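Subject: Structure for you to look at

Hello,

Here is the structure I said I would pass on. Please open it beside this message and follow along; my notes come after it.

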Amino acid sequence: MAAAPRCELCRARAAPLRCPGCRLTRYCDVSHQRTDWISIHSHICHLLIPVLGPQPCFHSEKDRKHGKEQLLRRQESLIAVALSTAQGFVWSGQPLEAIPAALQALRFSSRVFGSGSTQLVPIYLLLAEASTGEHCQHGNAGKGAGRLRQAAKYLSQAQWIVLQTPDCSAALQSKLHRGLGLFSAAEGNLDQALYHLANDVSSLWHDWLLSSLHRHQQVLQAQAEASPFSEEEEVIEDRMTEGRREEGTRMLRAVLKVREQGPLQHPGETARALHALAMIHYLGLDLAKAQEVGMKAFDLAKQLPQQDSLETIGHLLELINAQLSHTT
Ligand SMILES: [Zn+2]
Ligand SMILES: [Zn+2]
């Protein structure tokens with residue numbers, strides 16, 4: 001038996017109600033049905049039938065191909081309607097109404113393009129903007145803080161995709177910065193949310209840098225094996241671009257600043273941000289800075305109950321020292 005259908009809006013509760021128009025979308029109660037109708041469902045109810053309803057049976061390869069293309073086009077136009085509806089609500093100062101529409105766009109976009117596609121970035125940014133705007137309008141503690149945390153999650157998803165896409169367009173990157181800026185500008189109970197965003201951002205950079213460093217090591221090793229006596233400057237193909245390095249440095253410095261002023265002190269997370277910064281300096285061949293920041297991370301990591309990060313940071317310091325002795 002198939003799993004019991006869940007409510008279209010909250011995705012949490014069982015859904016005994018069914019939309020009489022499409023007979024495909026289900027809700028837990030009338031209020032969720034109404035909220036979804038106002039935000040997006042009234043615009044896409046009729047569009048859903050050919051996309052989610054039973055698909056025709058094709059008899060020839062040509063028909064099948066045509067049917068597939070048609071389905072794709074229908075899904076794309078559904079995404080476009082959902083996205084422009086959500087954007088319209090945000091522009092007209094109704095962020096709360098924008099959220100179900102934007103979530104609908106997100107759902108179809110991940111189906112069509114995949115969950116790591118840059119097509120999702122503008123949608124995550126819109127969701128973050130809607131959640132932040134909702135916080136500003138109803139910015140009392142509690143619900144508002146929850147919305148800001150949600151906004152922080154959407155922003156880090158957007159950033160994650162951008163980080164995973166080396167040839168990501170400058171336009172999309174600046175869209176991301178605008179999103180992060182809007183978020184920082186939100187007034188009210190910001191410290192906590194900023195703190196969470198800082199942690200998300202620093203853990204993304206940390207993981208991403210660790211894998212870059214790993215690749216860097218592999219390339220160095222391959223080169224050493226190929227020509228052990230070569231004195232040439234090594235050229236690392238996938239070395240971080242200068243722009244990305246600068247962005248990482250800026251982000252991590254901001255994270256460290258938030259951590260300094262933050263409400264809580266977790267040396268483990270500060271050590272992680274310092275470790276990430278040291279890796280950026282190392283990959284950018286700024287060895288003196290890498291050593292300085294790396295030592296700070298190492299000293300902090302020594303105080304932690306878990307020693308696994310100590311080893312990784314120690315390894316980085318060895319690499320830095322080896323390079324330093326090589327160059328002087
Ligand atoms: Zn519901
Ligand atoms: Zn419907």
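The protein has two strands and eleven helices. The model is a predicted one. Along the sequence the order is β-β-α-α-α-α-α-α-α-α-α-α-α. The protein has 328 residues, and 35% of them count as buried. If you take the contacts between residues at least 6 apart in sequence, 62% of them join residues at least 24 apart.

The pair α9 and α10

Two helices can be looked at as a pair. In general, packed helices are described by the angle between their axes and the distance between the axes. Helix α9 covers residues 267-283 and helix α10 covers residues 287-302. Their axes come within 8 Å and cross at roughly 160°. An angle over 145 degrees counts as roughly antiparallel, so α9 is roughly antiparallel to α10. The crossing of these two helices is left-handed.

Which residues of α9 and α10 meet? On the α9 side they are Pro267, Thr270, Ala271, Leu274, His275, Leu277, Ala278, His281 and Tyr282. On the α10 side they are Leu287, Lys289, Ala290, Val293, Gly294, Lys296, Ala297, Leu300 and Ala301. By type, the residues of this contact are twelve nonpolar, four polar and two charged. When you read the two lists, keep in mind that an α-helix has 3.6 residues a turn, so residues three or four places apart point the same way.

Helix α9 has 17 residues, and 14 of them are buried, so this helix is mostly covered. From its first C-alpha to its last, α9 reaches 24 Å, close to the 24 Å expected at 1.5 Å a residue.

The loop after α9

Just after α9 comes Leu285, with a positive phi of about 60°. Leu285 is a residue other than glycine, and it is found in the loop between α9 and α10. Is Leu285 buried or exposed? Leu285 counts as exposed, because it has 11 C-beta neighbours inside 10 Å.

Another residue with a positive phi is Arg23, at about 60°, although it is not a glycine. Arg23 sits in the loop between β1 (17-18) and β2 (26-27). Arg23 has 12 C-beta neighbours inside 10 Å and therefore counts as exposed.

Helix α3 and what follows

Helix α3 runs over residues 95-113 and has 19 residues. Its reach from first C-alpha to last is 26 Å, close to the 27 Å expected at 1.5 Å a residue. After α3 comes Gly114, whose phi is positive, near 100°.

A buried serine

Ser131 lies in helix α4 (residues 121-137). Why does Ser131 count as buried? It has 27 other C-beta atoms within 10 Å, and a residue is buried if there are 20 or more. Leaving out residues up to four places away in sequence, Ser131 touches Arg147, Gln150, Ala151 and Tyr154. Ser131 and Ile99 are 32 residues apart in sequence, but their C-alpha atoms are 7.6 Å apart in space.

Regards

Notes:
Residues numbered from 1 in each chain as written. Chains lettered and ligands numbered in written order. Predicted model: local features only at pLDDT ≥ 70, side-chain atom pairs only at ≥ 80, totals over all residues. Helix = DSSP H or I, 4+ residues; strand = E, 2+ residues; numbered from the N terminus. Contact = placed C-beta atoms within 7 Å. Axes fitted to C-alpha atoms, helices over the stretch in contact; angles between N-to-C directions. Parallel < 35°, antiparallel > 145°, perpendicular 65-115°, else oblique. Left-handed = near helix turned anticlockwise from the far one by under 90°. Nonpolar A, V, L, I, M, F, W, Y, C, P; charged D, E, K, R; others polar. Expected span 1.5 Å × (residues − 1).
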